[in-house]
Amino acid sequence: MEGIAIRLQDLRKSFGGTTAVAGVDLEIRDGEFFSMLGPSGSGKTTVLRLVAGFETPDGGRIELAGQEVTGLAPFERDVHTVFQDYALFPHMTVEQNVAYALKIRKVPKARRLARAREALAEVRLEGYGGRRPAQLSGGQRQRVALARALVGRPRVLLLDEPLGALDLKLREQMQTELKAIQREVGITFVFVTHDQEEALTMSDRIAVFEQGRIAQVGTPAEIYERPATPFVASFVGTSNLLDGEVAHRVAGAPGTYNIRPEKIRVLKESAEADEPEHATVTGTVADAVYLGDTTRFLVDLDGGGRLTAVQQNLETSAEDVAAYRGSRVRLQWHRRHAVRLPS
Ligand code: ATP
């Protein structure tokens, strides 16, 4: 049976007049890659710090593996935190950095060096043990920090924007690798990020934070395909909010609906519009942006409002895209892609 690694009940924390965490309930399962996603200031880091024990909650309860730890010191919790700045010791070698936590715990030398080497292999840094942090790239330093966290085999690894300092290419590469490493070691990872693409790429499940609360918890597909609120729809991906009559082209469909940009086809205004399962609207292209693999259209609808549509550039060239600006178009989508937001 799958166990619960972390359980939070009505967790609360304020700093002076600022409410950082306003009542969070959450269960994270053993072995999950779980992301906390939200805009700056939404309370993700504070929740992570509460779980680590660096902050004391004003209210609520924290359990790790079924044991209450709410009042325990950080070292009494079976968790390890990886920070964005890595916090490596510059005067120690990579191997010494990784073995350090075991030294503190008085693990015999031969054993801790063997464990350090194992951990370095897990993060694909064999052969780098003798270097100092200054002799490594940003991505390699990131891996040393990870190896240092893995060496003590914590039950839970807390990662606070660990890829934030890396450039985009390296960041994307590390996303894939971090996920692979997590799968291999099987430790629960709790990952804080404000980058929705990163969360969608890496996570088994995501909690979307909004102003100190969780707006939705779900798999990447659930969050993207079935956003629970307009906030989630717009924070994760691009939202196109419409009322039911326009979205479905049927009577008796009240409520607010969301359609993802890639589900909308951009056609010439004169295109056939009588496909029964599709809804269609006409409008004028306010902007068309060539993005290499795709083109992003902003279309002002005749009935008012604006939709974003993204199309693959199968045959479309940059010149074609420029010609679209100001032109009349028909937008079409299958009705099942217009997803009602719970009110
Ligand atoms: P970011 O992505 O920018 O790190 P976040 O979602 O992690 O944001 P938190 O760092 O948890 O958000 O902050 C939540 C709120 O609590 C913010 O308004 C922040 O200013 C406030 N806050 C956090 N820590 C402190 C502190 N030590 N003292 C005062 N206010 C704080």
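Reader: How do you know how far apart domain 1 and domain 2 lie?
Author: Their C-alpha centres are 41 Å apart. The bounds are 4-235 for domain 1 and 261-335 for domain 2, and such bounds come from an automatic or database domain assignment. This is a predicted model, in which local features need pLDDT of at least 70, side-chain atom pairs count only at pLDDT 80 or more, and totals for chains, interfaces and linings use all residues. Residues are numbered from 1 along each chain as its sequence is written.

Reader: What does UniProt list for residues 6-236?
Author: The record, an unreviewed entry, gives "domain: ABC transporter" for them. UniProt annotations may be inferred rather than shown by experiment; feature names are shortened, and positions are in the numbering used here. Over residues 6-236 the chain is 36% helix and 27% strand, and the end C-alpha atoms are 24 Å apart. Helices (H or I, at least four residues) and strands (E, at least two) are DSSP runs, numbered from the N terminus.

Reader: Why is Val-246 called partly exposed?
Author: Val-246 has 18 C-beta neighbours inside 10 Å. A residue is buried if 20 or more other C-beta atoms lie within 10 Å of its own, exposed if 12 or fewer, and partly exposed in between, with C-beta atoms placed from the backbone. The count of 18 therefore makes Val-246 partly exposed. Val-246 is found in helix α9 (residues 244-248). The C-alpha atom of Val-246 is 7.6 Å from that of Ala-279, and the two are 33 residues apart along the chain.

Reader: What makes β3 and β9 a pair?
Author: Two strands pair if DSSP finds at least two bridges between them. Strand β3 (residues 33-37) and strand β9 (residues 205-210) have four bridges, in the parallel sense, so they pair. Met-36 stands opposite Ala-207 in β9. Strand β10 (residues 213-218) runs antiparallel to β9 and is joined to it by five bridges, with Val-208 opposite Gln-216 in β10. β9 and β10 form a hairpin with two residues between them; Gln-211, in the turn, has a positive phi of about 45 degrees.

Reader: What makes β13 and β16 edge strands?
Author: Five strands form an open antiparallel sheet in the order β13-β17-β14-β15-β16. β13 (265-268) and β16 (306-312) each pair on one side only. Neighbouring strands of this sheet are turned by 45 degrees against each other on average, direction ignored; axes are lines fitted to C-alpha atoms, for helices over the stretch in contact, and angles run from 0 to 180 degrees between N-to-C directions. Strand β14 (residues 278-290) and strand β17 (residues 328-334) pair over seven bridges in the antiparallel sense, and Gly-283 is opposite Val-329 in β17.

Reader: Which residues surround the ligand?
Author: Among them are Phe-15, Thr-18, Ala-20, Lys-44 and His-194. A residue is near a molecule or strand if its C-beta atom, placed from the backbone, lies within 6 Å of it. The elements that give two or more residues to this shell are β2 (18-29) and α1 (44-52). α1 gives the most, with three residues.

Reader: How many of the shell residues are polar?
Author: Nine are polar, two nonpolar and one charged. Ala, Val, Leu, Ile, Met, Phe, Trp, Tyr, Cys and Pro count as nonpolar, Asp, Glu, Lys and Arg as charged, and the others, Gly among them, as polar.
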